[in-house]
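Subject: Structure handover

Hello,

Please find below the structure we spoke of handing over. My notes on it follow.

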Amino acid sequence: MRAPNPDVVRVLIHSDARQTIKTAAARAFPLEAGGLLLGWWDNDMVVVRAAIEVVDPAATGTSWIRHEGLAQRALDQAVAKFGHPWLGYIGDWHSHPAACDASQQDRQSIRIASLAYAQPLVLIVHRRDGIIDIHAARHGRPQTVSAESI
Amino acid sequence: MATLATHFKTALSNIEPSDDAENAQAAHAEVTKVLEADDLLVKLGVDPILIGSYGRQVSIRRVKDVDVFVRLSKAGKDLRPGRILDHVAAVLEESFPGRVTRQHRSVMIDFPDDDLSVDVVIARPCGDHWEIPQKIEDDGNARWVETNPTKMAELTTQANKDYLLYDGDPGSGVYVPMVKLIRQIRRTWVDDQPGGYFFEVLAYHAFSNLEPNETSYAKYLTVVLREIADLLIDVADEGLDDPTLDGKTIKTKATPEQLAAAAARIDEAATLAEAALGANDCLAAVKWRELLGTTKNTTTEEQVFPLPEYCNADGTKKKTTAVTQGASTVPAGSGRYA
Ligand SMILES: [Zn+2]
């Protein structure tokens with residue numbers, strides 16, 4: 001058996017999540033939209049089953065902030081609504097109203113967030129041109145991502 | 001009780017006619033362009049619009065035909081539909097050689113690459129409404145009949161505003177998704193007739209009768225399906241009221257035997273939905289899968305309702321130690337993304 005590479009995170013992204021992100025990004029344009037990724041960890045893989053939007057009332061064309069209170073309420077509601085026993089918080093997403101990848105700030109924020117979790121967190125950046133840029137961090141360290149779509 | 005919200009969303013996206021929608025849009029645009037470039041049709045005030053399930057955004061995969069309603073806003077009482085249909089067919093034949101069929105009351109254009117056809121229906125104004133030829137005689141004259149093809153679109157839009165999944169969230173309209181699920185159930189449970197529009201109208205009446213206010217797709221579908229099953233029993237005798245024209249009923253090709261068979265099948269389907277609603281998660285999913293069947297007319301038939309990741313196909317829960325549930329708390333403080 002091949003030992004899993006500790007620095008590679010497999011990310012499986014469900015089309016429901018992609019669709020939700022795409023729709024929210026289009027609706028918010030020219031401002032950024034953002035929210036939480038919901039899913040679970042399966043061995044060395046992170047499954048992104050769904051995405052939810054968390055409105056940042058102060059979002060601009062270059063900034064979206066995850067506020068703890070709003071985000072926790074959105075997570076609780078989503079978990080209750082979806083009724084899926086494996087769903088929980090596994091990372092963040094936001095949109096870029098331009099065709100650029102994750103910024104320095106973006107990569108730093110997901111690394112900081114990952115410090116509080118035993119498993120890796122995922123960051124999805126939805127670019128204006130429809131491309132998604134995917135990052136992951138574990139215990140504060142950036143990870144190499146191998147992504148698949150379903 | 002299992003409402004399986006995530007999986008209903010996936011089921012809905014599995015019947016969404018995404019590729020078809022682009023092809024249908026393109027085909028409609030091509031046909032419109034040709035008709036709007038013809039001198040005679042311009043003189044008659046040609047003004048085509050999309051109608052049909054595709055136009056109302058309640059179509060499901062696969063969309064095989066697109067209806068275009070060609071309003072001739074300046075057409076007078078003396079318009080001979082036989083002659084004008086011949087003309088429309090000739091104009092289209094020039095741009096789509098070998099792909100045009102003059103039908104009894106319409107002209108059909110084939111788009112073989114997309115496995116799609118566009119049906120062109122002509123209409124003339126009559127007071128504040130439109131008329132289409134009902135029967136065209138040998139001399140090219142016709143009996144005209146009132147029609148209101150845009151009315152169903154208006155009713156659909158309104159119903160989708162009135163019935164919400166989440167109170168206060170105008171984006172959670174549940175009427176359109178329900179019509180799509182009902183159309184899919186018809187394809188799965190009913191042989192050919194009555195058709196998709198007939199069931200759409202049944203769904204419309206079911207919503208009007210019940211004024212349902214539920215909190216999940218599962219519950220909406222269950223109550224609406226039961227009401228449709230009940231309505232079907234009466235429809236066999238009394239016909240189905242046309243919500244777009246007072247005092248008229250919906251025409252169907254279904255024979256009384258086919259209507260009776262459909263009523264029996266939908267009664268079965270409604271009973272299955274009730275059982276699914278009352279079952280535990282995984283067993284419920286298996287029943288929803290049976291109810292919604294597979295996608296039709298697609299290259300590979302796919303199950304519409306997904307098997308939840310935590311379920312086995314026999315309705316038992318997976319015993320897995322490999323899975324760690326997503327976190328129940330978000331990170332403390334705030335996280336800034338630029
Ligand atoms: Zn960013």
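I begin with one salt bridge in chain B, between B:Asp86 and B:Arg102, whose closest N and O atoms are 2.9 Å apart. B:Asp86 sits in helix α5 (residues 81-95) and B:Arg102 in strand β3 (residues 100-102) of chain B, so the pair ties together parts that are 16 residues apart in sequence. B:Asp86 has a relative accessible area of 44% and is therefore partly exposed. B:Arg102 is also partly exposed, because its relative accessible area is 33%; the band for that class runs between 20% and 50%. Please keep in mind throughout that this is a predicted model.

Other salt bridges

Over all chains, the structure holds 20 salt bridges. One of them joins B:Arg61 to B:Glu302, with 3.5 Å between the closest N and O atoms. B:Arg61 is in the loop between α4 (52-55) and β2 (65-72) of chain B, and B:Glu302 is in the loop between α11 (281-292) and β8 (323-325) of chain B, so this pair ties together parts that are 241 residues apart in sequence. B:Glu302 is partly exposed, at a relative accessible area of 35%.

B:Glu131 and B:Arg124 also meet through their side chains in a salt bridge, at 2.9 Å from N to O. Here both B:Glu131 and B:Arg124 are buried.

There is also a network of salt bridges, which links B:Asp20, B:Arg62, B:Lys64 and B:Asp115. B:Asp115 has a further feature: its phi is positive, about 50°, although the residue is not a glycine. The place of B:Asp115 is the loop between β4 (107-111) and β5 (116-126) of chain B. With 40% relative accessibility, B:Asp115 counts as partly exposed.

Backbone geometry

Most residues other than glycine have a negative phi, and most peptide bonds are trans. Besides B:Asp115, a positive phi is found at B:Leu4, where the value is about 45° and the residue is again not a glycine. B:Leu4 belongs to the segment before α1 (5-14) of chain B. Its relative accessibility is 2%, so B:Leu4 counts as buried.

Two cis peptide bonds are worth checking when you open the model. In chain A, the bond that joins A:Phe29 and A:Pro30 is cis, with omega at about 10°. A:Pro30 is located in the loop between α1 (15-28) and β2 (34-42) of chain A. In chain B, the peptide bond from B:Gln193 to B:Pro194 is cis, and omega is near -5°. B:Pro194 falls in the loop between α7 (175-189) and α8 (196-210) of chain B.

Zinc site

Which residues coordinate the zinc ion? The donors are A:His94 (NE2), A:His96 (NE2), two OD contacts from A:Asp106, and B:Ala338 (O), at 1.8 to 2.7 Å. A:His96 comes from strand β5 (residues 88-96) of chain A and A:Asp106 from helix α3 (residues 104-114) of chain A, 10 residues apart. Both A:His96 and A:Asp106 are buried.

Elsewhere in chain A

A:Leu75 is part of helix α2 (residues 68-82) of chain A. The relative accessible area of A:Leu75 is 0%, so this residue is buried. A:Leu75 and A:Leu36 are 39 residues apart in sequence, and their C-alpha atoms are 7.7 Å apart in space.

Chain B as a whole

Chain B has 11 helices and nine strands. Its C-alpha atoms fill a box of roughly 75 × 60 × 40 Å along the principal axes. Chain B has 338 residues, of which 52% count as buried.

B:Asp241 counts as partly exposed because its relative accessibility is 48%.

Regards

Notes
Residues numbered from 1 in each chain as written. Chains lettered and ligands numbered in written order. Predicted model: local features only at pLDDT ≥ 70, side-chain atom pairs only at ≥ 80, totals over all residues. Heavy atoms only, no water. Buried < 20%, exposed > 50% of the residue type's maximum accessible area, 1.4 Å probe, protein only. Donors = N, O, S within 2.8 Å, 3.2 Å for Na, K, Ca; no water. Helix = DSSP H or I, 4+ residues; strand = E, 2+ residues; numbered from the N terminus. Salt bridge = Lys/Arg side-chain N within 4 Å of Asp/Glu carboxyl O.
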